[in-house]
Amino acid sequence: FHSELDFVDNTASFAVSSTQAMFAVPVGSPLSQGGHILRVRVSDRARHETQAQSTFIVDTSPPVAAVVAPQDGSTVTTTTPRMEVSFQDPSPGSGLVPTSLRVHIDGLDRTAAFDVTSAGAVFQPGVADALSRGTHTLAIEISDAGGLTGSAQSTFLVNPPMSGSQGAVTGIVMSGDPCNGQPLPGATARLLHGTGVTTTDATGR
């Protein structure tokens, strides 16, 4: 029995029996990332020889995924923001598995809505896919041929300009009895039906 790992004789590292040979890579001397070649040959007493070879890749780094837009923590002023994600498998790697790509919007799988390339995916929502006002999430995950998965998520706020009728509310915020109280500065006033918020000035207005 004879063995070579990356063209270096490592026969002595194997435990050989009458039917097999085994070798465990030491924890303190791991194989480097990337491609490797293991070659073995064995012969019988009549000197009949056979050979075998295995080419394999060591890949312990997961794919790198990112949400390009909308960025995490950002605020967009449209209900149909462009959504873009990117991904890559750091070299040397085992290669991305395109069919493993999953893109979720608010927890729902919307992968089919994205235009996918070898390095990313883009979705431009139309009116029918418009997002509601408020907080939303865009998440991505993708795996490589070694079964490692990379993921990323963005949480963003949809806050388009108010439309329709607008107006102003005036008045004074009083402390205690409205008839005998004093103006209350620094008070927060919020509309009962709407999203308007304001703070009173030194005169309670």
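The model is predicted, so please read every value below as computed from it. The protein has 19 strands and 0 helices. It has 205 residues, and 24% of them count as buried. Among contacts with a separation of 6 or more, 55% come from residues 24 or more positions apart.

Now for the charged pairs. Side chains of opposite charge can pair when their charged atoms come close.

| Pair | N to O distance |
|---|---|
| R41 and E49 | 3.6 Å |
| R82 and E84 | 3.5 Å |
| R110 and D129 | 3.4 Å |

R110 and D129 form a salt bridge, and this pair links distant parts of the chain, 19 residues apart. R110 sits in the loop between β11 (108-109) and β12 (115-116), while D129 lies in the loop between β13 (120-123) and β14 (134-143).

Are the paired residues buried or exposed? R110 is partly exposed, because its relative accessible area is 27%, and D129 is partly exposed at 28%. For the pair R41 and E49, R41 is partly exposed at 34% relative accessibility, and E49 is partly exposed at 47%. R82 is likewise partly exposed, with a relative accessible area of 43%, and E84 is partly exposed with 24%.

Note on methods
Residues are numbered from 1 along each chain as its sequence is written. This is a predicted model: local features need pLDDT of at least 70, side-chain atom pairs count only at pLDDT 80 or more; totals for chains, interfaces and linings use all residues. Side-chain values use heavy atoms; hydrogens and water are left out. Helices (H or I, at least four residues) and strands (E, at least two) are DSSP runs, numbered from the N terminus. Buried means under 20% relative accessible area, exposed over 50%, partly exposed in between (1.4 Å probe, protein chains only). Contact means heavy atoms within 4.5 Å. A salt bridge is a side-chain nitrogen of Lys or Arg within 4 Å of a carboxyl oxygen of Asp or Glu.
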